[in-house]
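Hi,

Here is the structure I promised to pass on. Have a look at it first, and then read my notes below.

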Amino acid sequence: RHPVDLRAGESLDFWRVVRVDPDRQLVLEAEMKTSGRAWLTWRIEPVGDGSGRELHQVAFFAPKGLVGRVYWALMVPFHSLIFPRMARAIVRRVEGA
């Protein structure tokens, strides 16, 4: 629909937008096939005297059975590389805007 303006219920690649609070929070739920359910959340919170902001990124996976637990255990090493890079890229893009 729009490359930047997101609304709850919309599809974004293989994610569904669950919640959008402009300049505060974005919650996505995975629509890809996995052995469980997955969400990504980003929150922006003020720090210090309020002139700075901090980005919080949370990945949550609710595994289905043993296969889901094994899947997540195998993916953790990759996610520990991907997620910090993703957060840094978001911050760089925002700071450059």
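E31 and R16 join their side chains in a salt bridge, with 2.7 Å from N to O. This pair ties together parts that are 15 residues apart in sequence, because E31 sits in the loop between β3 (25-30) and β4 (36-47) while R16 belongs to strand β2 (residues 15-21). With a relative accessible area of 42%, E31 is partly exposed. R16 is partly exposed as well, at 30% relative accessibility. Before you read on, please keep in mind that this is a predicted model.

The total for the model is four salt bridges. Among them is the one between R19 and D21, where the closest N and O atoms are 2.9 Å apart. R19 is partly exposed, its relative accessibility being 45%. Another of the four brings the side chains of R37 and E29 together at 2.6 Å, N to O. R37 comes out at 45% relative accessibility, so it counts as partly exposed.

On charge overall, the chain carries 15 positive and 11 negative charges, and their mean positions lie 7 Å apart.

**The overall layout**

You will find one helix and five strands in the chain. Reading from the N terminus, the order of elements is β-β-β-β-β-α. The C-alpha trace spans about 45 × 30 × 20 Å along its principal axes.

How much of the chain is buried? Buried residues account for 23% of its 97 residues. The accessible surface is about 7400 Å², and carbon and sulfur atoms contribute 59% of that. As for contacts with a separation of 6 or more, 22% of them are between residues 24 or more positions apart.

**Aromatic rings**

I also went through the ring pairs. A pair of aromatic rings is described by the distance of the centres and the angle of the planes. There are four aromatic pairs here. One of them is F14 with W15, a tilted pair with 5.8 Å centre to centre and 35° between the planes. Are these two residues buried or exposed? F14 has 45% relative accessibility and therefore counts as partly exposed. W15, at 14% relative accessibility, counts as buried because it falls under the 20% cut-off.

F61 and W72 make a stacked pair, with 5.0 Å between the centres and 10° between the planes. That angle is under 30 degrees, which is why the pair counts as stacked. F61 counts as buried at 10% relative accessibility, whereas W72 counts as partly exposed at 26%. Together with Y71, F61 and W72 form one aromatic cluster.

**A histidine in the helix**

W72 turns up again when you look at H79. H79 lies in helix α1, and its relative accessible area of 15% makes it buried. What does H79 touch, not counting residues up to four places away in sequence? With those neighbours set aside, H79 touches W72 and P84.

**Two backbone angles to look at**

Most residues other than glycine have a negative phi, and most peptide bonds are trans.

- D13 is placed in the loop between β1 (11-12) and β2, and at 69% relative accessibility it counts as exposed.
- D23 is in the loop between β2 and β3, and its relative accessible area of 62% makes it exposed.

**If you only have a minute**

I would start with the salt bridge of E31 and R16, then go to the stacked rings of F61 and W72, and follow W72 on to H79.

Cheers

Key
Residues are numbered from 1 along each chain as its sequence is written. This is a predicted model: local features need pLDDT of at least 70, side-chain atom pairs count only at pLDDT 80 or more; totals for chains, interfaces and linings use all residues. Side-chain values use heavy atoms; hydrogens and water are left out. Rings of Phe, Tyr and Trp (its six-membered ring) pair if their centres lie within 6.5 Å; planes under 30 degrees apart count as stacked, over 60 as edge-to-face and the rest as tilted. Buried means under 20% relative accessible area, exposed over 50%, partly exposed in between (1.4 Å probe, protein chains only). Helices (H or I, at least four residues) and strands (E, at least two) are DSSP runs, numbered from the N terminus. Contact means heavy atoms within 4.5 Å. Accessible areas come from the Shrake-Rupley method with a 1.4 Å probe; for residues, only the protein chains shown count as cover. Lys and Arg count as positive and Asp and Glu as negative; His and the chain ends are not counted. The place of a charge is taken as NZ of Lys, CZ of Arg, CG of Asp or CD of Glu.
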